[in-house]
Amino acid sequence: MAQEKPAAEGLSIGIIMDGNGRWAKQRGLPRTAGHTKGAQVFHDISLYCNELGVSSVYFYAFSTENWIRPAEEISGIMRLFGEYLIKALDYEKDNIRLKFLGDRARLPKEYQVRMDDLETRSAVKTGMTLNICMNYGGRDEIAHAARTLAQKVKDGQISPEEITVEAMAGAMYSAGQKDPDFILRPSGEKRLSNFMLWQAAYSELIEMDKLWPDFTRADLDAAIAEFHRRSRRFGGV
Ligand code: IPE
Ligand code: IPE
Ligand code: MG
């Protein structure tokens with residue numbers, strides 16, 4: 001029987017893609033094999049989000065803390081990301097806008113050029129915004145926003161009083177997009193691990209025991225259903 005699609009029109013979703021290493025370990029494979037499978041799942045779930053009419057999806061791919069991992073694992077992740085930057089050209093046929101959130105300065109120069117190019121080419125798209133958080137840290141993002149606004153004060157463009165919540169939101173990497181309605185974390189961990197600290201103020205947190213490489217479209221359906229069961233109050237009654 002064909003399943004009915006969950007109501008996800010206009011939703012904003014954050015996904016912490018976690019559990020790749022454990023998935024590989026369970027199979028006696030190198031951790032990189034988990035990242036390879038995880039990257040395939042990411043691609044499929046990104047397309048599914050677009051099919052569902054999601055407005056923004058944020059995928060946590062690599063954190064500002066992940067650099068402490070073994071060099072071999074990092075180069076495996078960077079290679080996969082490089083491959084993705086080429087594959088992402090496929091989105092030209094889809095109505096998807098691509099955005100990369102995070103500090104690019106530490107990434108290879110040729111990646112930075114491709115990232116800029118993909119963002120520019122897809123900026124005309126009107127459908128879902130697909131955000132890939134690469135060398136992303138929530139604290140780094142907040143510090144970056146503070147520096148941007150401080151510079152504007154120094155240049156006389158704004159006064160200190162104009163550093164409001166709205167101005168800060170507008171200086172985040174996610175400027176202009178909706179905060180995540182819910183943040184999903186597979187692999188059973190119950191923490192944000194520096195993901196979207198500013199934007200998560202009122203996000204519903206949904207965790208799942210499944211490891212990311214095992215994650216399916218049906219699991220996203222289940223997460224959306226769980227989100228709709230939550231009662232959001234935003235501080236009200
Ligand atoms: C998430 O999977 C991917 C990255 C952090 C890059 P992990 O590699 O953290 O997998 P576990 O948590 O060790 O299983
Ligand atoms: C968060 O997962 C980062 C990404 C999924 C990219 P981690 O595996 O790095 O988080 P911790 O170390 O378990 O908190
Ligand atoms: Mg992990």
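Author: Start with where a residue sits: A33 has its place in helix α2. Keep in mind that this model is predicted.

Reader: Is A33 buried, partly exposed or exposed?

Author: The reading rests on relative accessible area: under 20% is buried, over 50% is exposed, and partly exposed is in between. A33 has 23% relative accessibility, so A33 counts as partly exposed.

Reader: What separation is there between the C-alpha atoms of A33 and N20?

Author: Their C-alpha atoms are separated by 8.0 Å, while the two residues are 13 residues apart along the chain.

Reader: Now the ligands. How many residues surround ligand 1, and which are the closest?

Author: A residue belongs to the surroundings if one of its heavy atoms lies within 4 Å of the molecule. For ligand 1 there are 13 such residues, and D18, G21, R22, R31 and R69 are the closest.

Reader: Which helices each supply at least two residues of that shell around ligand 1?

Author: They are α1 (20-26), α2 (31-52) and α3 (71-87). The largest share comes from α1, with 3 residues. By type, the shell around ligand 1 has 3 nonpolar, 5 polar and 5 charged residues.

Reader: How do I read a polar contact with a ligand?

Author: Look for a pair of N or O atoms within 3.5 Å. In the case of G21, a backbone N or O atom is 2.9 Å from an oxygen atom of ligand 1. For R31, an N or O atom of the side chain lies 2.9 Å from an oxygen atom of ligand 1. R69 has a polar side-chain atom 2.7 Å from an oxygen atom of ligand 1.

Reader: How much of ligand 1 does the protein bury?

Author: Compare the ligand alone with the ligand in place. Ligand 1 exposes 380 Å² when taken alone, and the protein buries 87% of that. As for its site, ligand 1 sits in the largest pocket.

Reader: Which residues surround ligand 2?

Author: The residues around ligand 2 are I16, M17, D18, Y60, A61, F62, N66, R69, R185, R191 and S193. Strand β2 (residues 56-63) gives the largest share of this shell, 3 residues. The shell around ligand 2 divides into 5 nonpolar, 2 polar and 4 charged residues.

Reader: What are the distances from polar side-chain atoms of R69, R191 and S193 to an oxygen atom of ligand 2?

Author: For R69 the distance is 3.2 Å. For R191 it is 2.8 Å, and for S193 it is 2.6 Å. Taken alone, ligand 2 exposes 390 Å², of which the protein buries 78%. Ligand 2 sits in the largest pocket, and that is also where ligand 1 sits.

Reader: Where is N194 found?

Author: N194 is in the loop between β5 (182-185) and β6 (204-207). A loop residue still needs its accessibility checked. The relative accessible area of N194 is 11%, so N194 is buried. Its side chain makes a polar contact with the side chain of E65, at 3.2 Å.

Reader: What should I look for in backbone angles?

Author: Most residues other than glycine have a negative phi. M196 is not a glycine, yet M196 has a positive phi of about 45°. M196 is found in the loop between β5 and β6. M196 has 0% relative accessibility and therefore counts as buried.

Reader: Where does F234 lie, and what is its phi?

Author: F234 lies in the segment after α7 (217-229). Its phi is near 50°, a positive value in a residue other than glycine.

How values were computed. Residues are numbered from 1 along each chain as its sequence is written. Chains are lettered from A and ligands numbered from 1 in the order in which they are written. This is a predicted model: local features need pLDDT of at least 70, side-chain atom pairs count only at pLDDT 80 or more; totals for chains, interfaces and linings use all residues. Side-chain values use heavy atoms; hydrogens and water are left out. A polar contact is a pair of N or O atoms within 3.5 Å; within protein, one must be able to donate a hydrogen and the other to accept it, and residues adjacent in sequence count only if both atoms are side-chain atoms. Accessible areas come from the Shrake-Rupley method with a 1.4 Å probe; for residues, only the protein chains shown count as cover. On a 1 Å grid over the protein atoms alone, a cavity is a set of points where a 1.4 Å probe fits but cannot get out, and a pocket is an open set with protein on both sides within 12 Å along at least five of seven lines; lining residues have an atom within 4 Å of a point. A molecule sits in a cavity or pocket if more than half of its atoms lie within 2 Å of its grid points. Helices (H or I, at least four residues) and strands (E, at least two) are DSSP runs, numbered from the N terminus. Ala, Val, Leu, Ile, Met, Phe, Trp, Tyr, Cys and Pro count as nonpolar, Asp, Glu, Lys and Arg as charged, and the others, Gly among them, as polar. Buried means under 20% relative accessible area, exposed over 50%, partly exposed in between (1.4 Å probe, protein chains only).
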